[in-house]
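Me: Please take a close look at the pockets of this model and the parts around them. Connect the points as you go, and finish with whatever is worth noting elsewhere in the chain.

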Amino acid sequence: MEQGKQGAMVEKMVPPQNPIEEFQARFKELQAGVRGWLAKQSLPVEAAVVTLTSGAQGAAIGAFMGTLTNDVSSSLPTPPPQAGLNPQAMASFKQAQALAGGPLVQARNFAVMTGVNAGISCVMKRVRGKEDVQSSMVAAFGSGALFSLVSGMGGPNQAANAVTSGLFFALVQGGLFKLGQKFSQPPTEDIYYSKTRSMLSNLGLQSYEKNFKKGLLSDNTLPLLNDRQVAGFAALRDVKIPPGPRLLILDHIQRDPEIKERRG
């Protein structure tokens, strides 16, 4: 009975897990499992699954966007067949319909764009063994060209307009890919503090790296901190490192043979 009461008390003491965090964790596990399964499949199977799933996601987004533009598309007058519009004017009208269509039209357009883009990216990554700007631009060209054909955008020469749309999509995608790479690159490591960073990491004092940089205590100054214990202690104090970490740092410097060798 006592053990049962203790178990119940422990369960009450354990805080309930956040349902959103739990859902996110399960979704990541499911996503990792699906990716692992796809990696074991043949190229046609992987490409087909990726294209269908991405197309379904794009269709859902397009349907939602279509509800926002439904009023605009309904206000566009449909020219009668005998209106005798020139091909250029008719092409402009079709472009307006494609960009301001209802839920079904936008679902189709977004499904084509996202599905084809993801499918070609999957094939290029499997064939070339990497995902770079060239593969991204090829996928964007394919999705742009097919979107132009399916949506009915363009002038009388649909083939030329498909190529133009594909090139536009490719250029935009290539620029976004390069921009994303630029902002996602990790900051370059400061070579003047590599030994200092390693020492602080070994001591569990990584948070004091900024103090070393603020006081310009680089790798070249580490042997000097051990030259005179009092001077080293004062130097670390001046950069606002507490007494406990100071003692650990000075002791490490005194025992490190590599630092002693550099001083000699």
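Reply: A residue is called exposed here when its relative accessible area is over 50%, buried when the value is under 20%, and partly exposed in between. The model is predicted, and every value below is computed from it.

Of its 264 residues, 30% are counted as buried. Among contacts between residues at least 6 apart in sequence, 63% link residues at least 24 apart.

Rolling a probe the size of a water molecule over the atoms shows where empty space is left. The largest pocket holds about 720 Å³ of space. Its lining has 21 residues, and those nearest its centre are R35, L38, V50, T53 and S54. Two or more lining residues come from each of α2 (19–39), α3 (43–74) and α5 (103–128). Sorted by class, this lining has 9 nonpolar, 7 polar and 5 charged residues.

The second largest pocket has about 160 Å³ of space. The residues that line it are M113, N117, A140, S143, F168, F169, V172, Q173 and L176. The elements giving two or more of them are α5, α6 (133–151) and α7 (158–184). The biggest contribution is from α7, with 5 residues. By class, there are 6 nonpolar residues and 3 polar ones in this lining, and no charged residues.

With 26 residues, α5 spans 37 Å from its first C-alpha to its last, close to the 38 Å expected at 1.5 Å a residue. Its buried residues are Q106, A107, N109, V112, M113, G115, V116, N117, A118, G119, C122 and M124. After α5 comes G129, with a positive phi near 75°.

Within α5, G119 has a relative accessibility of 8%, so it counts as buried. Setting aside residues up to four places away in sequence, G119 touches A47, V50 and T51. V50 is also one of the residues nearest the centre of the largest pocket. The C-alpha atoms of G119 and S54 are 8.2 Å apart, although 65 residues separate the two along the chain. S54 likewise belongs to the group nearest the centre of that pocket.

Helix α6 is the next element to consider. It has 19 residues, and α6 reaches 26 Å between its first and last C-alpha atoms, close to the 27 Å expected at 1.5 Å a residue. Buried in α6 are V133, S135, S136, A139, A140, G142, S143, G144, A145, F147, S148 and S151. A glycine follows this helix: G152 has a positive phi, near 85°.

S143 counts as buried because its relative accessibility is 2%. Beyond its neighbours within four places in sequence, S143 is in contact with M113, V116, N117 and F169.

I249 touches M199, L200, L203, L205, F212, L236 and I241, with residues up to four places away in sequence not counted. In soluble globular proteins, nonpolar side chains tend to be buried together.

Two loop residues complete the account. L216, in the loop between α9 (209–214) and α10, has a positive phi near 55° without being a glycine. L216 counts as exposed because its relative accessibility is 62%. K240, in the loop between α11 (229–238) and α12, is also not a glycine and has a positive phi of about 65°. Its relative accessible area is 64%, so K240 is exposed.

Technical notes: Residues numbered from 1 in each chain as written. Predicted model: local features only at pLDDT ≥ 70, side-chain atom pairs only at ≥ 80, totals over all residues. Heavy atoms only, no water. 1 Å grid on protein atoms, 1.4 Å probe; cavity = no way out; pocket = protein on both sides within 12 Å on 5 of 7 lines; lining within 4 Å. Points joined across faces, edges and corners; volume = space filled by probe spheres on them. Helix = DSSP H or I, 4+ residues; strand = E, 2+ residues; numbered from the N terminus. Nonpolar A, V, L, I, M, F, W, Y, C, P; charged D, E, K, R; others polar. Expected span 1.5 Å × (residues − 1). Buried < 20%, exposed > 50% of the residue type's maximum accessible area, 1.4 Å probe, protein only. Contact = heavy atoms within 4.5 Å.
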